Amino acid sequence: MKIPKRIAQTLMNSLKGGVVPRVGLPYVTVGRKAEIDALLRDVDIIADGGASFRFIVGKYGSGKSFLLQTIRNYVMAKNFVVVDADLSPERRLQGTRGQGLSTYKELIRNMSTKTKPEGGALSLILDRWISSVQQEAAASSGLGLADPALPPLVERKISAVIGSLNEMVHGFDFARLLTMYYQSHISGDDETKAKVLKWFRGEYATKTEARQELGVNIVITDDSWYEYLKLFACFLQQAGYAGMLILIDELVNIYKIPHSVTRQYNYEKILTMYNDTMQGKARHLGIILCGTPQCMEDPRRGVYSYEALRSRLAEGRFSNGHKDLLSPVIRLQPLTLEEMLILVEKLADIHAELYEYPQAVTQQDMVDFIEIEFGRIGADEHITPREVIRDFIEVLDIVCQDRSVKVRDLLGSGAFTYARNEVEEDVSEGQFAEFEL
């Protein structure tokens, strides 16, 4: 495997630190084929003008974020625009102190395309749209780009795109801001362009401020931000993209909200988004939320505590023991031992190439490592890919720095045994604490 050192270093640093890298995922992707195929079927529906909504449910470290980033890379290659954000105490779906708007700001800040995968693609998208409309108008009319007769043709095409948004909620204001951006682009007014971008990013705090700077009497708020994402999805399709995918991770932060009324408002926002996509009110839009089983299924605080969502999302009577990837909720199953073995083989190859040393870990060493990791008490229920990856990279780091160390000796050492016993004790204590509750 020949991997650029920059990407290999990012992979190793991210995986050892327990976070998902935003680059290089195809080099280490293992398993999850059925889940990826199911989500890519949704992507085809979105590109055809439909919408989709999915929950991805799995324990901490089970690969939820990894799957999200994998899908993110797939859809950007298919000419989708992707916006993503992690929820936190300051970023929710609904709030009284701007938490919902903070989530919108983070999503727009992370707006990504194939040509700008690192985020911040809003201005690039708008400029590309104007440029493509100019080229289309020039090609259809036979006029040159500098011909003074071209701008009226461009404006008519711009008006046709913008007119399709007017029927949507807040569509008139959205269209007005797009027109303003186009006019400032043509006139070379960079200051007004920057103000329009500021408005689209949700950075105007009050209507008074927006009216003074742009002459508009509306701003994006906690209550309206989702409607603007629907507008963006329709506009992006008109601008030549296949659609928009919204990725929201760390749903557990809604579960952790102490006030039941605030939690219910957030679950109500999820219900609105779910109904819009399932009933066809949203177009060219996909939404994926990620959370743990507890934050989904807890009857007192989880998503299922909101009866309207529980009745829509809970498993039916016939799904016990079967995997239904056509339902709105995708539950991640543990990777098999064979898949984990393939993963550690890839990691060993990348590590050896990155640090330029002869591969010192044999196939039998890898098999022994996997057997030891999954031989722990409670490993079937509690161990996750994140823990296995972290431990294996640690083994690789030690062997790389001290060539006299043999992997077989390291795996059989007292230190490794002690670490294994610690995990066993933690699992036992956790089980006991659960029993007491």
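Among contacts between residues at least 6 apart in sequence, 70% join residues at least 24 apart. This is a predicted model. The protein has 437 residues, and 50% of them count as buried. Its C-alpha atoms fill a box of roughly 80 × 50 × 40 Å along the principal axes. Secondary structure comes to 20 helices and 5 strands. The accessible surface is about 21,000 Å², with 51% of that belonging to carbon and sulfur atoms.

Confidence comes next. The mean pLDDT is 83, and 90% of the residues reach 70 or more. Helix H4 (residues 99–109) has the highest mean, at 95. Helix H20 (residues 414–436) has the lowest, at 42. Over residues 417–437 pLDDT stays under 50. For that stretch the model has 10 contacts beyond four places in sequence.

Start the tour at helix H2 (residues 33–47), which holds glutamate 35. The relative accessible area of glutamate 35 is 4%, so this residue is buried. What does glutamate 35 contact, leaving aside its neighbours within four places in sequence? The partners are Leu67, Lys323, Leu325, Ile330 and Leu332.

Move on to the loop between helix H3 (64–77) and E2, where asparagine 79 sits. Asparagine 79 is not a glycine, yet its phi is positive, at about 70 degrees. With a relative accessibility of 25%, asparagine 79 counts as partly exposed.

Now take helix H5 (residues 122–141). Its 20 residues should span 28 Å at 1.5 Å a residue. The end C-alpha atoms lie 29 Å apart, which agrees. Which residues of H5 are buried? They are Leu122, Ile125, Leu126, Trp129, Ile130, Val133, Ala137 and Ala138. The cover over these buried residues includes strand E2 (81–86), H4, helix H6 (150–163), helix H7 (171–187), H8 and H10. After H5 comes glycine 142, with a positive phi near 80 degrees.

The loop between H5 and H6 contains leucine 145. Is leucine 145 buried or exposed? Its relative accessibility is 58%, and the cut-off for exposed is over 50%, so leucine 145 counts as exposed. Not counting residues up to four places away in sequence, leucine 145 touches Gln134, Gln135, Ala138 and Leu150. Ala138 is one of the buried residues of H5. For a sense of distance, take isoleucine 46, 99 residues from leucine 145 along the chain. The C-alpha atoms of these two residues are separated by 34 Å.

The loop between H6 and H7 holds histidine 170. Histidine 170 also has a positive phi without being a glycine, at about 65 degrees. Its relative accessible area is 26%, so histidine 170 is partly exposed.

Helix H10 is mostly covered, with 12 of its 14 residues buried. The buried set runs through Trp225, Tyr226, Glu227, Tyr228, Leu229, Lys230, Leu231, Phe232, Ala233, Cys234, Phe235 and Leu236. Glu227 and Lys230 are among them. From first C-alpha to last, H10 reaches 20 Å, close to the 20 Å expected at 1.5 Å a residue. Just after H10, glycine 240 takes a positive phi of about 105 degrees.

The structure holds 9 aromatic pairs. Why is the pair of tryptophan 199 and tyrosine 228 edge-to-face? The ring planes stand at 80 degrees, and the cut-off for edge-to-face is over 60. The ring centres are 5.6 Å apart. This pair links distant parts of the chain, 29 residues apart. Tryptophan 199 belongs to helix H8 (residues 190–200), and tyrosine 228 to helix H10 (residues 225–238). Both tryptophan 199 and tyrosine 228 are buried.

The pairing extends further. Ring pairs link Trp129, Phe174, Trp199, Phe200, Tyr228, Phe232 and Phe235 into a cluster. Trp129 is among the buried residues of H5. Tyr228, Phe232 and Phe235 are among those of H10.

Two charged side chains also meet rings. Lysine 198 lies over the face of tyrosine 204, 4.5 Å from the ring centre. Arginine 301 places its charged end over the ring of tyrosine 255, at 5.5 Å from the centre.

Technical notes. Residues numbered from 1 in each chain as written. Heavy atoms only, no water. pLDDT = per-residue confidence, 0-100. Helix = DSSP H or I, 4+ residues; strand = E, 2+ residues; numbered from the N terminus. Contact = heavy atoms within 4.5 Å. Buried < 20%, exposed > 50% of the residue type's maximum accessible area, 1.4 Å probe, protein only. Phe/Tyr/Trp six-rings, centres within 6.5 Å; stacked < 30°, edge-to-face > 60°. Lys NZ or Arg CZ within 6 Å of the ring centre and 35° of its normal. Expected span 1.5 Å × (residues − 1). Areas by Shrake-Rupley, 256 points an atom, 1.4 Å probe, with all protein chains shown as cover.
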